[in-house]
Structures are given as C-alpha cells and as structure tokens.
Amino acid sequence: RRVGATTAVAVRHLARPGARTVGIYGSGSQAEGAAIAIAAAMPDCEMRIWSPNPNNRNALAQRLRGQGLEIEAVESREQAAVGADMVVTATNALDRVVEPEWIKPGAVVACVKAQELGREILTQADRIILHTHDLDPINYMAGKGNAPFRDTDFVDTLFGEKRGDGDVRDLLKSLAADTPDLADVVSGRVPGRTSADERVVFLNPVGTGLQFAAVAKHILAAAEKQKVGQRLPTDWFTEDMHP
C-alpha cells in the first residue's frame, strides 16, 4: 500500500490533463497496491493488467473488479501499454517488461524496479522524477563479510549469475545526483511536466521511512476507530541493561 500510494501521488502530479487509461504489469501485492491507489487518485480510470501467469492476472483482475475497479486482464504484454496514458510496472523481473516503442507521447511510466523499464525508456524520457535520491540502499549479506554494499538488486552477488538486460545501475548513479524528486514536484519547486506530449518516468525503486510512518498513522487511527487490537506495554521493548 505504501509503495502504491507513492506512485498514485506521482501520477496525480505528473499525468497530463485528461489521462484515463492505465496499463499495469505484475499480479502480486505490488501490482495490487498500485492499482488500488491509482484508482483512488483517479476514480474514472480504466485499467489493463498483464503478467506472465494467466491464472494470476485473471485472479487479480477479478479481485479488483470486486472492489469496484474497472480493470481487465489482457493476453499480451503489448496490450497493456500501447495507447495507455500511464504505464506502471510492479514485477520481480530482471529484464525490461515494456518496450520503448509502446510508450506514447504524453504518457507517465512508473516502476518499482528500474530494470523493468530498461535503458531506452530512461534515456528517451523527456523528464525523470525520482522518489528519493538515495537509489542504492545499503545492504548487508550473511556470509559475504561485514562491509556493506549499495545495490537495489544483488542477485549476481548472491548467486554469481549474470544480470539481465535490464541492468541500468550506471544510469541510476548518474540520475541520483541532480534529478528532481517527487517532493520537488509536490512542493512546486519544479513542474511535473511542461507539455502534454512529454514522456515522464517516475522511479520508485527504494522506499523511505516517511512512507512507513504515514501508513502506520492511518493503520493506528483505523484500529482505534474500530476498537480493535491492543496497546503493547512499553516494557516489552525496553530493558535496564545493554545487551
């Protein structure tokens, strides 16, 4: 929910006037969260969803229709993106799932992993907006020593495998330096777009503590309103000696 909500905020500020069609890639919890959040931000939108597993994409589409969303599962990757005002990738892919020629002028493209988009979509974008400038989180891996390493997808380090064709780590490093972030757009320091024909990419591969805090506040408020759950004693989380 927190990742989807951030994407929905970006879509609200970056989509061109009259945007209505949304193509979604993925059928897991990230895709579901994105669909629900975007539908809340744009109640009259029409969605198309694709993932490699027909059963999964059909099940998600049916579940979301049950929540009142206008969404259909499509049979090909191309069908989800071609002609869409917004394209959202929310997968675990290591290679790009969207071809650059499918992105029409004026579209917004959002992802949870830059690898899903590949190099051309990033380099051909008229404008890129980041969620956070810290695009490479610090990671520690058991059995790999005490030194941290910064990477959003360390499959090659973990398994010794070659990365997929979606590897764009060099681009991310260059983008992290001076690319505007979502806070710049929401606050008005920079425009989300300057024309209806701009192709805008929103990179959302790394979360922030603010997301967790914002979602936690709503969860706590809902629990108190419904009188469910219980308050945890402070002494469960404190001690009088250093471990």
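**Exercise 1.** How much space lies in the largest pocket?

*Solution.* The model is predicted, so local features need pLDDT of at least 70 and side-chain atom pairs pLDDT 80 or more, while totals for chains, interfaces and linings use all residues. Residues are numbered from 1 along each chain as its sequence is written, and side-chain values use heavy atoms, without hydrogens and water.

Step 1. A pocket is an open set of points on a 1 Å grid over the protein atoms alone, where a 1.4 Å probe fits, with protein on both sides within 12 Å along at least five of seven lines; lining residues have an atom within 4 Å of a point.

Step 2. The largest pocket holds about 400 Å³ of space. Its lining has 16 residues, with T6, V9, H131, L210 and Q211 closest to the centre.

Step 3. Helix 9 gives the largest share of this lining, 6 residues.

**Exercise 2.** What is the volume of the second largest pocket, and which residues lie nearest its centre?

*Solution.* Step 1. The volume is about 170 Å³.

Step 2. Among the 14 lining residues, G26, S51, P52, T91 and N92 lie nearest the centre of the second largest pocket.

**Exercise 3.** Is F237 buried or exposed?

*Solution.* Step 1. Buried means under 20% relative accessible area, exposed over 50%, and partly exposed in between (1.4 Å probe, protein chains only).

Step 2. F237 has 59% relative accessibility and therefore counts as exposed.

Step 3. F237 is found in the segment after helix 9 (209–226); helices are DSSP runs of H or I, at least four residues, numbered from the N terminus.

Key. Helix = DSSP H or I, 4+ residues; strand = E, 2+ residues; numbered from the N terminus. Points joined across faces, edges and corners; volume = space filled by probe spheres on them.
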